[in-house]
Amino acid sequence: METHHVTIPIQVCTPDELPEADQALIARAKAATQTAYAPYSHFHVGAAIRLTTGDIVAGSNQENAAFSPSLCAERTTMNWAAANYPGIPFEAIAIAAWRESDGAFLDHPISPCGVCRQSLIESEQRYHRPIRVLLYGSKQVFVLRSIADLLPLHFTGEDL
Ligand code: THU
């Protein structure tokens, strides 16, 4: 028997250390939090996706009284991007969030849920292209080279 170790590089920096294009993407994700519909969690999330054309698409979480139909900001955004820019791969995604209790952006990186990771993996597989991930916190940002890095041993259509 052998043990396999998974090593995932995470770049850690302050927001102002990022390249301008990444800062611009984060600004769009932060702005998108204003459109969140979060009457149940009171947690406002914004996501912004930069396409390989340079276009940026942004979205937010949209909740539902029945809870399970709720959509995270990441899936709202990725599905809108896929439907409105068919055939265009995603280059990068930025995510930002704040709570109504204090109204300030989280100071640590916001991390996408497992369902969103699995959904976003589909885009990487579809276009054979990694999506750069920017998890925003006002004090610290995590930068990952792909969604696959966020979901080791993921399931893909290649197994079907
Ligand atoms: N949420 C997101 O939109 N993205 C995340 O990365 C984490 C969670 C939303 C779902 C729900 O509307 C609220 O935040 C609380 O979980």
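A polar side-chain atom of Glu 74 lies 2.6 Å from an oxygen atom of the ligand. This is a predicted model, in which local features need pLDDT of at least 70, side-chain atom pairs count only at pLDDT 80 or more, and totals for chains, interfaces and linings use all residues. Residues are numbered from 1 along each chain as its sequence is written, and side-chain values use heavy atoms, with hydrogens and water left out.

| Residue | Protein atom | Distance to a ligand oxygen |
|---|---|---|
| Glu 74 | polar side-chain atom | 2.6 Å |
| Ala 73 | backbone N or O atom | 2.8 Å |
| Asn 61 | side-chain N or O atom | 2.9 Å |

Taken alone, the ligand exposes 370 Å². The protein buries 78% of that. These accessible areas come from the Shrake-Rupley method with a 1.4 Å probe.

The shell around the ligand includes Ser 41, Phe 43, Val 45, Cys 72 and Pro 112. A residue is near a molecule if one of its heavy atoms lies within 4 Å of it. Six shell residues are nonpolar, three are polar and two are charged. Cys and Pro count as nonpolar here, and Gly as polar. Strand β2 (43-51) and helix α2 (73-84) each supply at least two residues of that shell. Helices (H or I, at least four residues) and strands (E, at least two) are DSSP runs.

Now the salt bridges. One is a side-chain nitrogen of Lys or Arg within 4 Å of a carboxyl oxygen of Asp or Glu. By this rule there are seven. In one of them, Asp 22 pairs with Arg 132, with the closest N and O atoms 2.6 Å apart. Asp 22 belongs to helix α1 (residues 20-32) and Arg 132 to strand β5 (residues 132-135). The pair links distant parts of the chain, 110 residues apart.

Methods:
Polar contact = N/O pair within 3.5 Å; in protein donor to acceptor, adjacent residues only side chain to side chain.
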